[in-house]
Amino acid sequence: MAILSTLLKKGIRLRDSLDQEFSRPSDLQREELKKLLLKARHTEISKKYGFHEVLDTFRVGEHDFYRAYTERVPVYDYEKIASEWWNSLLEGKKNITWPGKVSHFALSSGTSGSTSKYIPITKDMVKAIRKTGVRQILSLSKYNLPPSLFTKGILMLGGSTDLEFNGTYFSGDLSGITAGNLPIWFQRFYKPGKKISRNKDWGDKLDQIVEKAPKWDIGIIVGVPAWLQLLIEKIIDRYQVQSIHDIWPNLQIFVHGGVSFEPYRKGFQELLGKPLIYIETYLASEGFLAFQALPDRKSMRLVLNNGIFYEFVPFNSANFDEEGNILAHAETFKIDEVEEGVEYAILISTCAGAWRYLIGDVIRFVSKEESEILITGRTKHFLSLCGEHLSVDNMNKAVELVADECDITIREFTVLGVPEGNLFGHHWYLGTEDQVDPEKLAQILDKKLKSLNDDYAVERKHALKKIQVTPLSSSVFYAWMKSQGKEGGQNKFPRVLKGDKAKAWIDFVASTTE
């Protein structure tokens, strides 16, 4: 068991995992916020908002610290924190929101806005991500896996490690930043290796991996489902085999994140010779928030003692406007105050200098006691033109059900809200290579959505008058991503397109299908 034994020899222990397992979530999070405030007490943001005064309250009552923190520090979204603080980091200024100078920035996929976001990645955050990654590897001991698996290679399909440098800072995909900072002991397992990982040409990188594939003994694959599926199809086609297991017979685990795997599952499983174990992670540009800690569960466990303090905002009209923007004086809760089954947007304060930062994801607790969550969507990736309140969770499930009923593979999809006279409509674009009847697909999709969402069902009788489906080759979706500079790595196709992006997509589809 080379990986696990190496970890233990390097002095890595299960202490942090055990601390979380045998401690109250509220105690862990209280201590985590105190650590963050202490580390950042000499920064500019601390001077403005009085971190020292907040720290004084930790000696008083059990909940006084949180009231003091929320009264002094405002809630930030990206635009606000970038303009007030993070743009100074891009200029090379020190001790702004975290001690020292920030030399690395992750370019987010930018699915919510029109441009990429520059997210600061500090040395402390790199260490935290690595530490959580180790905890996830150690959690594999809870699965019924053969010891030989831990001697196999791990293919991590991410962005280029050859980062852009403008003389002040490095920037690139988070996966490229972290892959370029892998510990020496891990590099013997890591594929595709340093040389291929530096390649900035995504298509050429995939071709290089395809050529090397038969020489590797891969046991675990890690990446965004769409791009890994594309890679595996290329390998199968190149070597004219029946499944990826003809090339990698010891492949047993797929670690994925970024988007729901369910819409991809049917097509992905067609590429396999035997079943895989699927493990979901919640690794965002802002930090490694959660991972699937136990087998036979779809939920992920929040990491409560590794550089992130969480707050939760009920995702409702009292706290968010119709565009998904958080409202002033939105109600926030710490982890011991949440309820199971309620959808929350997440605020995070981190060791990368994010403070009460709206990350943009919406989650639901399935176990408050174990801090187990499901990601249900994005604050801005939903449709509610007339009160239908259609979430990404609803969309993913409906597309999965449509694919099963019609026995087709749908690899990508997106939906736009459109005017329909004085009322409204939804225009769906489904990525499939199968021959389909658009009107029949629209009828089945509409039926599934009605069964999943009562608000949608009501509005279909009133203001939501038309549901249209346009089938497209999946290649159109990937070509769009390339045209937007979002090919490969952690990039994923937005499930809802609005505003300028919606118009650009319509124009792009028209130009590629005319």
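Two residues are in contact when heavy atoms lie within 4.5 Å. Keep that in mind as we walk through this predicted model, in which local features need pLDDT of at least 70, side-chain atom pairs count only at pLDDT 80 or more, and totals for chains, interfaces and linings use all residues. Residues are numbered from 1 along each chain as its sequence is written, and side-chain values use heavy atoms, with hydrogens and water left out.

**A helix across a sheet**

Helices (H or I, at least four residues) and strands (E, at least two) are DSSP runs, numbered from the N terminus. Helix α14, residues 392-406, lies across β16, β17 and β19 and runs at about 115° to β16. That angle is taken between N-to-C directions, on a scale from 0 to 180 degrees, using lines fitted to C-alpha atoms, for helices over the stretch in contact.

The strands β18-β17-β16-β19, in that order, form an open sheet of four with mixed pairing. Its edge strands, β18 and β19, each pair on one side only. Pairing here requires at least two bridges found by DSSP between two strands. Strands β16 and β17 are antiparallel partners over nine bridges, and Leu416 stands opposite His427 in β17.

| Strand | Residues |
|---|---|
| β16 | 412-420 |
| β17 | 423-431 |
| β18 | 464-472 |
| β19 | 496-497 |

**Two residues to look at**

His245 sits in the loop between α12 (225-239) and β8 (253-257). Its relative accessibility is 8%, so His245 counts as buried; the cut-offs are under 20% relative accessible area for buried, over 50% for exposed, and partly exposed in between, with a 1.4 Å probe and protein chains only. The His245 side chain reaches the backbone oxygen of Leu251 at 2.9 Å. Beyond residues up to four places away in sequence, His245 touches Leu251, Leu272, Gly273, Lys274 and Leu276.

Arg30 belongs to helix α3 (residues 25-39). Setting aside neighbours within four places in sequence, Arg30 contacts Phe58, Gly61, Glu62 and Phe65. The C-alpha atoms of Arg30 and Ile335 are separated by 9.7 Å, although these residues are 305 residues apart along the chain.

**The whole chain**

In total, the chain has 18 helices and 19 strands. Its radius of gyration is 23 Å, close to the 24 Å that the globule rule gives for 514 residues, so the chain is as compact as a globular protein of that length. The radius is taken over C-alpha atoms, and the rule is 2.2 Å times the number of residues to the power 0.38. Of the 514 residues, 56% count as buried.

Methods. A polar contact is a pair of N or O atoms within 3.5 Å; within protein, one must be able to donate a hydrogen and the other to accept it, and residues adjacent in sequence count only if both atoms are side-chain atoms.
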